[in-house]
Amino acid sequence: MPDTPMRAAAFVRHDQIPPSPPPASQTGIVKWVRENLFPSIGGTILTLVSIWMIYTLLVSVLPWTFSGVWSTGSLAECREVLQGRIGACFSVLTERWNQLLFGFKYPSDLYWRPTLAFVLLLAAAAPVLFFDLPRKLLIFTALYPFIAFYLIWGGTVWAPICALLGFAGGYMVYGRLVKDNFAMGLFGGAAMAVMIWLLGAHLLNHGIALLFSGPLLFATGVGVLAVAALFFRLRRSQSAASAAIIGGAVLTGWLAIVASVLVPVVFGNEIDAGGAQQGGSFALEAVPSRDMGGFMLNMLLGVVCVSLSLPLGILLALGRQSNMPIIKWICIMFIEFIRGVPLITLLFVANVVLAYFLPPGTNFDLILRVIIMITMFASAYIAEVIRGGLAALPRGQYEAADSLGLDYAQSMRLIILPQALKISIPGIVNVAVGLFKDTTLVSVISMFDLVGMIRGPILASTAWNGVYWELYGFAALLFFIVCYGISQYSQWLERRLATDHR
Amino acid sequence: MAEAAQMPVSDEVAIEIQKMNKWYGTFHVLRDIDLTVYRGERIVICGPSGSGKSTLIRCINALEEHQTGSITVDGTLLSSDLKNIDKIRSEVGMCFQHFNLFPHLTIMENCTLAPIWVRKIPKREAEETAMHFLEKVKIPDQANKYPGQLSGGQQQRVAIARSLCMRPRIMLFDEPTSALDPEMIKEVLDTMIELAEEGMTMLCVTHEMGFARQVAHRVIFMDAGQIVEQNEPEEFFNNPKSERTKLFLSQILGH
């Protein structure tokens, strides 16, 4: 640029103005107090009123808490110690600690088993919750349900092993067949799993010897092996003939097993699935479901139902979007029905009504029935939350996935669900927290969970009749810790997954 | 660049559309479309909005269903058979107006996802291919970022690279520059021109008439769901036959 004189309107900046610190009144604690506590006359009044309310609350709660009594045997003793002073009788918590946590029927020398199951739960949940951990830890997570069942219920080790084998076998068959046809894989896998379970249940009830004495059962065993062999040999084949052979074999084996199991049922043989009378050297002392109680029962129901209802909710949400009208209608009817009914009625159904629909003599576990009902209830809500997430995704994401040649399962698993679930996290957590707190409703169908224990055995006892604040405060605290933990985790997860707008 | 347009086109048929009709409900969107695209041919489709040009190319990879007539892509007849549809989709790349990158995956993962899951290519190999194409669209240094961190033009180039990673034989472009700022249009068009020079079969819905002149073998003008006129670019722009085409060209080139 030659140095010609510039005209007045033209302007060229030659040196930048360096940044300088803001004035002192705009920083520090003084600014914060002025802006947040005393911004105006109205604000000042509100601040003073709030301080006064917090003060009165603390004045009454703090002495009650800190002069509490921790080591008396009954409410009367506690009042004697307090001698009219204000103070809490926390001794009910120490004295009934085990009852609050495990219920009043769980054998006291076996408390280590649910405790160990709880500690292992933390290890099993970690790789699911924190996906930066090594993926190999998921193997333990997969095994955990069977370990936990074995620890909490005890009994023969073969029952959970048989269940595990059923899942493993079903999954293997599914893995082989799903490449050709999803439905084939699903039904083949399910058939394989059910076959293994029925065979296992049969063996557990009647002993290994029956395998050799019962020709029918032996035949079905051979059938299972033959079908398994077919699956592996023909895994590459896509011809209709091989599919027919596999289908036929599955059907034959299935019918044989159904027959072999139904015959004893119909003719009145016992089919108790416990089988504790013969469990070999690995048997733990069996604890029946009706002996479960305390916060353990809430944790059990909460963990099982949340982890089951999430996948079920995803399936329902996808089913509701399906192009296939029958699947769509079934999903809509299920969701709308379950959402329209109070959980408490479903629990009464589980407790009372379901028994009418089952064959007489079958002992369908009460906890299992409650788990099914709560899971159904929660999954309907989760399905609606996830549907919201699915609806929030732009159509372009579906089209991009399609245009790359991904099939339905791939595009859902890799593209759609990761995004939809991320959007749905707050809603899912909302349902999960609600569900966990709703597990206390089982106390109305005479199960002794934490609230059931407090309402029943503890408050009804002569020693502790009348201790309300301490007990319900403790229950609230336990639930608060868990629910607050879930909520904090979900917020961490949302921050961790925020990739698209930063 | 003008010589790009003179590259020979083989007489092997890539896409054959015969008497294809499509309705949205009772609205007749595409009417008796007949179109043959040869291997290596580059076609630009233009026309007023609502004329069915996007719908036409979306029918080719079955993002939209057609009701009558036939579409044959690379010798595979497009039917309701999902296997055929997936096969065609994995052979035909597509770029969208709004890029449609997957926001929860990095650029690298966006590019390797389909090769790994659809083509069953090992991860390392897929990453090498992805790097090759990201270099080609000149953004290899962004491979580990997320789409949200890139500019619109960069995102569209990633979208092109993502399609190319599947080694498609045909590329469809659905208004690839319509959602971009003017200064970013050029970088995307340059990428497309480079692709054209390599002999890719391309169908491109666009309003970039400069691009059409420079690259296309054939320009197709659509209106009201029909192909009104098609010709070589020189003839098409300098000597349009139909009144509708003349009106359209005077409107978009008039200022």
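Predicted model: local features only at pLDDT ≥ 70, side-chain atom pairs only at ≥ 80, totals over all residues.
Residues count from 1 along each chain as its sequence is written, and chains are lettered from A in the order in which they are written. Local features need pLDDT of at least 70, side-chain atom pairs count only at pLDDT 80 or more, and totals for chains, interfaces and linings use all residues, while side-chain values use heavy atoms, without hydrogens and water.

**View 1. Chain A meets chain B.** Chain A brings 22 residues to the contact and chain B brings 26 (contact: heavy atoms within 4.5 Å). About 2,100 Å² is buried between them, 59% of it from carbon and sulfur atoms (buried area: accessible area, 1.4 Å probe, that two parts lose on being put together, summed over both). A:Glu399, A:Ser403 and A:Leu404 supply 27% of the area that chain A buries against chain B.

**View 2. A salt bridge links the chains.** The side chains of A:Glu399 and B:Arg58 meet at 2.6 Å, N to O. The count between the chains is 1 salt bridge (a side-chain nitrogen of Lys or Arg within 4 Å of a carboxyl oxygen of Asp or Glu).

**View 3. A disulfide joins A:Cys78 to A:Cys89.** The S to S distance is 1.8 Å (disulfide: a pair of cysteine sulfur atoms within 2.5 Å). The link is left-handed, with -90° about the S-S bond. Both cysteines are buried (under 20% relative accessible area, 1.4 Å probe, protein chains only).

View 4. B:Cys46 is buried, at 0% relative accessible area.

Conventions. Buried < 20%, exposed > 50% of the residue type's maximum accessible area, 1.4 Å probe, protein only.
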